[in-house]
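I am opening my notebook on a structure that is new to me, and I will set down what I look up as I go.

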Amino acid sequence: MTLRLVGAAALLVSAGVHLYLWFDGVRNQSVGPMFLVNVVSGVIIAALLVAWRHWLAAFLTVGFGVATLGAFTIASTVGLLGVHTEWRGGSVWAAAIAEVVCIVT
């Protein structure tokens, strides 16, 4: 149960960072809708991970971490939908660490 709570907390941190960034101006970029999808899916998967003792919830947590971290890596290297970002700032590192925790737990 402890790993599930750690995973759920990491999901919520990542979702919270994406919500913060969405309000901070990402909503006006081409990736804005994907940030909202990330927020909603992070909250839903966190609830599933805590409430539903099934392997699918853990699988979704890993998939969330891989997909979100992968999308950021693509955006920071070659660009994603016209958005090119950098590994700079507290929110970037908080989300990246949370997504690694999602993958590991």
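Before the first entry I note the cut-off I rely on: a residue counts as buried when its relative accessible area is under 20%, as exposed when it is over 50%, and as partly exposed in between. I also note that this is a predicted model.

Entry on histidine 18. I looked up its place and found histidine 18 in helix α1, which covers residues 2-23. Its relative accessibility is 8%, so histidine 18 counts as buried. Leaving out residues up to four places away in sequence, I found that histidine 18 touches Phe35, Asn38, Val39, Thr68, Ala95 and Glu99.

Entry on aromatic pairs. I searched the whole structure and found two of them. In one, tryptophan 22 and phenylalanine 23 are edge-to-face, with 5.1 Å centre to centre and 75° between the planes. I then checked accessibility: tryptophan 22, at 18%, is buried, whereas phenylalanine 23, at 53%, is exposed. Tryptophan 55 and phenylalanine 59 also form an edge-to-face pair, with 6.2 Å centre to centre and 65° between the planes. Both of these residues lie in helix α3, four residues apart, which is about one turn of the helix, and both tryptophan 55 and phenylalanine 59 are exposed.

Which residues make the nonpolar surface patch of about 390 Å²? I found Val62, Val66, Val100, Ile103 and Val104. The elements giving two or more residues to this patch are α3 (55-77) and α4 (90-104), and the largest share, three residues, comes from α4.

Terms used: Residues are numbered from 1 along each chain as its sequence is written. This is a predicted model: local features need pLDDT of at least 70, side-chain atom pairs count only at pLDDT 80 or more; totals for chains, interfaces and linings use all residues. Side-chain values use heavy atoms; hydrogens and water are left out. Buried means under 20% relative accessible area, exposed over 50%, partly exposed in between (1.4 Å probe, protein chains only). Contact means heavy atoms within 4.5 Å. Patches are made of residues with over 30% relative accessible area and no salt bridge: like charges are joined within 9 Å, nonpolar side chains (Val, Leu, Ile, Met, Phe, Trp, Tyr) within 5 Å. Accessible areas come from the Shrake-Rupley method with a 1.4 Å probe; for residues, only the protein chains shown count as cover. A salt bridge is a side-chain nitrogen of Lys or Arg within 4 Å of a carboxyl oxygen of Asp or Glu. Rings of Phe, Tyr and Trp (its six-membered ring) pair if their centres lie within 6.5 Å; planes under 30 degrees apart count as stacked, over 60 as edge-to-face and the rest as tilted.
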